Amino acid sequence: MDPYDVSCGLLALLRLDLLTARRMLRDSLDRLRVLRPGFYAANVAGYLEKESLVLGSTSQQGPEELFVLSEEKDTARRTLGKLLKGGPVTTHRARARGRYQDLLARICADVPPSGTEFITWITSDFGITMTAAERFLRRLVRLVALADLDWVVDQCHAAGTNRD
């Protein structure tokens with residue numbers, strides 16, 4: 001049985017061809033592996049019976065790679081923390097923190113909006129062009145992945161309880 005097999009009925013319902021559906025499935029599984037490695041290892045990798053898909057199971061990371069990854073994680077957390085906390089409380093800064101918190105919460109949602117919904121929302125709420133919104137979203141998604149999705153969710157909840 002092919003774990004990437006998609007039924008003809010589902011393909012017709014979604015109006016996709018088999019190659020596109022398989023690519024979307026693989027991309028989604030790759031994102032899940034990066035964002036929630038523990039969940040992926042416990043649920044997906046076991047089902048697929050491919051140990052090589054489990055993050056870090058086939059190659060050992062050297063001390064330098066671990067150090068760089070740790071530094072990137074710390075930098076991402078500091079950056080996201082600044083977006084959520086800001087400086088001295090003013091009405092303008094409180095509104096900006098609220099927008100960042102809303103955006104990060106949407107990125108971390110169990111079922112996040114589609115890319116086009118994100119871009120449209122960012123362009124209207126942040127007042128930037130579509131190209132800038134796309135770059136901004138890509139940057140934030142990368143920071144969330146580096147900082148750890150669960151950590152970002154916790155920070156969003158903590159910032160929400162401290163809103164003025």
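Visitor: Which residue forms a salt bridge with Glu-134?

Guide: Let's begin with the general idea. Side chains of opposite charge can pair when their charged atoms come close. The term salt bridge is used when a side-chain nitrogen of Lys or Arg is within 4 Å of a carboxyl oxygen of Asp or Glu. Here the partner of Glu-134 is Arg-138, with the closest N and O atoms 2.6 Å apart. Do keep in mind that this is a predicted model, where local features need pLDDT of at least 70, side-chain atom pairs count only at pLDDT 80 or more, and totals for chains, interfaces and linings use all residues. Residues are numbered from 1 along each chain as its sequence is written, and side-chain values use heavy atoms, leaving out hydrogens and water.

Visitor: Where do Glu-134 and Arg-138 lie?

Guide: Both belong to helix H7 (residues 130–147), 4 residues apart, or about one turn of the helix. Helices (H or I, at least four residues) and strands (E, at least two) are DSSP runs, numbered from the N terminus. This chain has 8 helices and 0 strands.

Visitor: Is Arg-138 buried or exposed?

Guide: Those words have cut-offs: buried is under 20% relative accessible area, exposed is over 50%, and partly exposed is in between (1.4 Å probe, protein chains only). Arg-138 has 58%, so Arg-138 is exposed, while Glu-134, at 36%, is partly exposed. Across the chain, buried residues make up 25% of the 164 residues.

Visitor: How many salt bridges does the count come to?

Guide: The count is 3 salt bridges. Another one joins the side chains of Arg-23 and Asp-27, at 3.6 Å from N to O. These two residues are 4 residues apart in helix H2 (residues 18–35), so about one helical turn separates them. Arg-23 is partly exposed at 46% relative accessibility, and Asp-27 is partly exposed at 33%.

Visitor: Which residue forms a salt bridge with Arg-36?

Guide: That partner is Asp-150, and the closest N and O atoms are 3.4 Å apart. Arg-36 sits in the loop between H2 and helix H3 (37–48), whereas Asp-150 is in helix H8 (residues 149–161), so this pair ties together parts 114 residues apart in sequence. Arg-36 is partly exposed, with a relative accessible area of 29%, and Asp-150 is partly exposed at 38%.

Visitor: What share of the contacts joins residues at least 24 apart?

Guide: A contact means heavy atoms within 4.5 Å. Among contacts in the chain between residues at least 6 apart in sequence, 48% join residues at least 24 apart.
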